[in-house]
Every structure is written in structure tokens, then in C-alpha cells.
Amino acid sequence: MIIYRTIVGSQMHGLTTPTSDEDIRYITMPSLIEIISPFKNDEIKVRNGKGEDEESWDIAHFCKHLCSGNPTVYEVIKSHLYDRSFAHAETIRSLMPYAFDGRKILFAHIGYCEAQLKRYLRKAQHDLSAYQWNDGDERTCDETQILLGIPKWEEKFGQLQVDGVWEENHIRRVPKSIVAGYRVLAQAKQLLETGDFKPVIKDYSPELHDKLMGIKTMDSNSITWGFVVKHLDGLENGIKELKSFYETLPDEIKNKKPDIGAIESTLCEIYGIPL
């Protein structure tokens, strides 16, 4: 049974473009039979109108991820675009303060950013480095046809080998991954500093909003090695700055752990089980 529904992603952050998807997330509540039965189905999913699986968590796993500092579930619980018609929506949102763990928030958010660097930016930096002009000017993805792995300049430069062929969707992911990296670092700093964060980026930093929109709406064919290196360095420096910021926090923030008892009591309230 679905007990919480919300929209995250670009709509939540105020970074929508004409091509933006609607990222819907759900929290489900298995029945007591599903929990205690030896014949239970452990795979609990939510399907959309097309029969496709939507990302979802059952309430117990959601709480576990929240206590681990998972950036995605923090977005789910803080998004202002949630369905208020569900009876337990506000109760679920009240769980957030109980789940705070400063160290886990730090490392989970850094890990999310590092995943973007590893999956897209470092590979792009490596592959595009082979396609620089001898006079120092940079070629773009379009000029090398790196999307297809077939350089246009074979006659002038001889046969070039692409170290790792990039599909078009991978190149298009580079600006998105940069945006995600900057956004998650900003989210982490707010959480560590205040125990909360504003989901709409423009509400706390119009400058960051404009920067991320400029990156997100750029033509992916104009990506250069220099562009990738600039933001690779920017995100790596952002990680270092977040670690340094964490060390300046008082011990009561750095050493704070989740209130497991309060979380379990809230779950019992949702299930209607007396304590």
C-alpha cells in the first residue's frame, strides 16, 4: 500500500527544462501479513500506469536509508511537491530530525558526488584529452564526433583511436552529473549546518541556481576537455571544502546519532500498533 508520494529531481529543485522528466518517488507500507508470513513476497514495488517500476521503498527500508544519510531519501522527505492527501504524509516527514547522523550525512553525500565524478566526468576528461589541437585550442564533442567514436579529422591527423566509445546518452549525462554534484554538496552543507535544507535552490542561492541552469541547458555537443576539467576540479574542491567545514562543527553535531526509539515509535504509530 502506498502511504507517501512525492516528486523530486529538477521539478523539486527548480531546475526544470522543456525536456525534464517527472521523477516520482513512493514509500509503501507492507501489511502485517506481508511482514510476518513465511510465504511473504520480499520484493515490494510500485508500478506506474504503463506497468513500469517506479522507484520506491517500504517504510522500514526508507527509515534505514534515512539514518544512513542517503541524499536521495532526504530529497524524498523534504520535497515540497508531496501528496498531502495521504493520511501518514506529515508523520513520515516528521521522521527527518530523528534520523540525523552528521558523519553519515557527510560521507553519503560525498559518495553521491564521487559517483558522478567516477561515472561521467573522469571518463569524459580522459577521453576528450586525446582530442586537443596542437596550438592549444580545444575541440568539442561535435568536432570529433566522439558521440559515435568516429573523429572527423582522420585525413588531417591520421587514424585516431577513441579510448572508450561514448554513447550519446553518456555525453548528455555530463552536464547533469555536474549539476547533481554541486547540488548534493550544497544540500549536505545545509543539513550539517542547520539540520535541514531548502529543496528549491533559488530559495537559498540564486547564484547557484543560475550557474546550474547554465550548465544544464548547454548544448552537450559543445562540451570541451577544458569544461570538464573545470568542473571536475570544482567538485573535487567542493568535497574538500565540505570535509573542512565538517571539522569546524561542534561535537554535538558531529557525534549526533539517530534516535532509533523515536523512529520505531513513529512506525508503530503509522501501523496503529500500541506501544
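A charge is taken to sit over a ring if NZ of Lys or CZ of Arg is within 6 Å of the ring centre and within 35 degrees of the ring normal. The model is predicted: local features need pLDDT of at least 70, side-chain atom pairs count only at pLDDT 80 or more, and totals for chains, interfaces and linings use all residues. Residues are numbered from 1 along each chain as its sequence is written, and side-chain values use heavy atoms, with hydrogens and water left out.

**View A. Lysines over aromatic rings.** The charged end of Lys 189 is placed over the ring of Phe 245, 5.1 Å from its centre. Lys 211 lies over the face of Tyr 182, with 3.9 Å to the ring centre.

**View B. Stacked pair of Tyr 4 and Tyr 82.** Rings of Phe, Tyr and Trp (its six-membered ring) pair if their centres lie within 6.5 Å; planes under 30 degrees apart count as stacked, over 60 as edge-to-face and the rest as tilted. Two aromatic pairs are found in a search of the whole structure. Tyr 4 and Tyr 82 form a stacked pair, 6.1 Å centre to centre with 15° between the planes. Buried means under 20% relative accessible area, exposed over 50%, partly exposed in between (1.4 Å probe, protein chains only). Tyr 4 is buried at 0% relative accessibility, and Tyr 82 is buried at 10%.

**View C. Edge-to-face pair of Trp 57 and Phe 62.** The ring centres of Trp 57 and Phe 62 are 5.9 Å apart and the planes are at 65°, so the pair is edge-to-face. Trp 57 is buried at 11% relative accessibility, as is Phe 62 at 0%.
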